[in-house]
Amino acid sequence: MEKLRFIHAADLHLDTPFRALSSVDEELARRLKEATFNSFRRIVDLCIEKEVDFLLIAGDTFDREDQSLAAQLRFVRELERLSAAGIHTYLVCGNHDPLVSWVEEMQLPDRVVRFGSSKVGKAVYEKAGRPLAAIYGISYRTAREDRDLAGKFRGPDGDTPFSIAMMHATPDDPGPHEPYARFRLKELIHKGYDYWALGHIHKRNTLRDHAPAVVYPGNPQGRDFGETGRRGCVLVEMEKGRKPGIEFIPTQEVRFEEVRIDMSGVDGFNELTHLDRMALERISDPHPEDSYILRIVLEGRTPLHKRLARSGELEELRKALNEEAAAGTPFLFIDSILSETRPDIDLEELREGNDFTAALIKKVESLEPEAFLQEVEEASGLPPAVLRRVHLDSAGKRDLLEKVKWMLLDQIIKEE
Ligand SMILES: [Mn+2]
């Protein structure tokens, strides 16, 4: 029975600068600069270790269009390792690394196929002298791709045992991604390919697991706090007439995680010295071998509220917790500690009072967020274009009013 084994990766975003961090740490900066390359190196190691037939890279190999020559050379060096091991690489270009951004003189190693942008290209992978798989793909020519790429795929035109389609494209629900090359899952299903190797959406997602499999492997290294959790590639094993095996393998150098810690009932500062440990315990899907960059958000009602809100206090704590944090492996580095705690006051009791504070609470709680904020907007005299930029949904408006209430209470209590 014929079998095919390959690794599908996408969105390597090599040489990502990681500007999203709020703190600067030399050791961490050094590690992050290497993170995307190290993740890719792990993918190459995996290909060799698992003796795959080939590697697929579904777009956004590089982070920027004005990619440095050094980054491209490092990428090519890794492809050479694959080629020397007899492993093929097939790749398409995405919106971050469209075809025009690749250095023209760059020689790609043997066994590497980069698909063009004018039409869907085809490459046949042979094993033991016989065609085993046909790979079809199309690249973005420029960063803004407004063609219907999915519509250009006409289905396999030969009778190789397996067929694969590759593109960098956006499904019905694009999430935070630019909606280039939109497609509907429905239209991919009847084209006749066995596997759709997709890229663009950074969150891993198997849209369909067989006949055909339609897969986003996600990016192999998260780039900010919007890209949390383990990140990697998928190892795919296909056999005719069987559901393909699709196994996720993590490759990230470091994980970004935001952790919320409820400080209700915490009244001593000693516990703050264990904040790193408390944060680790609250990470979902933790693994002892993983490294982390954390954003910690403190919440809840605590007598420590005032102290935590004092400027510089949390930053000092963060620095103390981080001493040499990024040096070891695995490591845990706290990028920021934010306080959304509230004063430890009994709202019920205050509301029952017969004073200014009670009146204020009742007044703010009786406000209808939509109407109140509209009044504020009108009173501000700002042009509609400016107001649209700070548009909040109704949950956001309720939240804002709640924050206003606590800010006022906090102020009153401080003054008392
Ligand atoms: Mn991308």
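These exercises concern a predicted model.

**Exercise 1.** Find which residues coordinate the manganese ion, and state their spacing along the chain.

Solution. Start with the ligands: Asp11 (OD), His13 (NE2), Asp60 (OD) and His202 (NE2) coordinate the manganese ion, at 2.1 to 2.4 Å. Next, read these donors along the chain; their spacing is D-x1-H-x46-D-x141-H. Finally, look at accessibility: are aspartate 11 and histidine 13 buried or exposed? Both aspartate 11 and histidine 13 are buried.

**Exercise 2.** Describe the largest nonpolar core and identify the elements that give two or more residues to this core.

Solution. The largest nonpolar core has 26 residues. Those touching the most other members are Ile7, Leu12, Phe40, Ile43, Cys47, Leu55 and Phe75. Two or more residues each come from β1 (3-9), α1 (26-49), β2 (54-58), α2 (69-84) and β11 (232-239). Of these, α1 supplies the largest share, six residues. A separate second core holds 22 residues, among them Phe54, Met166, Ala197 and Met238.

**Exercise 3.** List the contacts of phenylalanine 75, leaving aside neighbours within four places in sequence.

Solution. With those neighbours set aside, phenylalanine 75 is in contact with Leu12, Leu14, Phe40, Ile57, Thr61, Phe62, Leu91 and Trp102. Phe75, Leu12 and Phe40 are also among the core residues that touch the most other members.

Definitions and conventions
Residues numbered from 1 in each chain as written. Predicted model: local features only at pLDDT ≥ 70, side-chain atom pairs only at ≥ 80, totals over all residues. Heavy atoms only, no water. Core = buried A, V, L, I, M, F, W, Y, C linked by side-chain atoms within 4.5 Å. Buried < 20%, exposed > 50% of the residue type's maximum accessible area, 1.4 Å probe, protein only. Helix = DSSP H or I, 4+ residues; strand = E, 2+ residues; numbered from the N terminus. Contact = heavy atoms within 4.5 Å. Donors = N, O, S within 2.8 Å, 3.2 Å for Na, K, Ca; no water.
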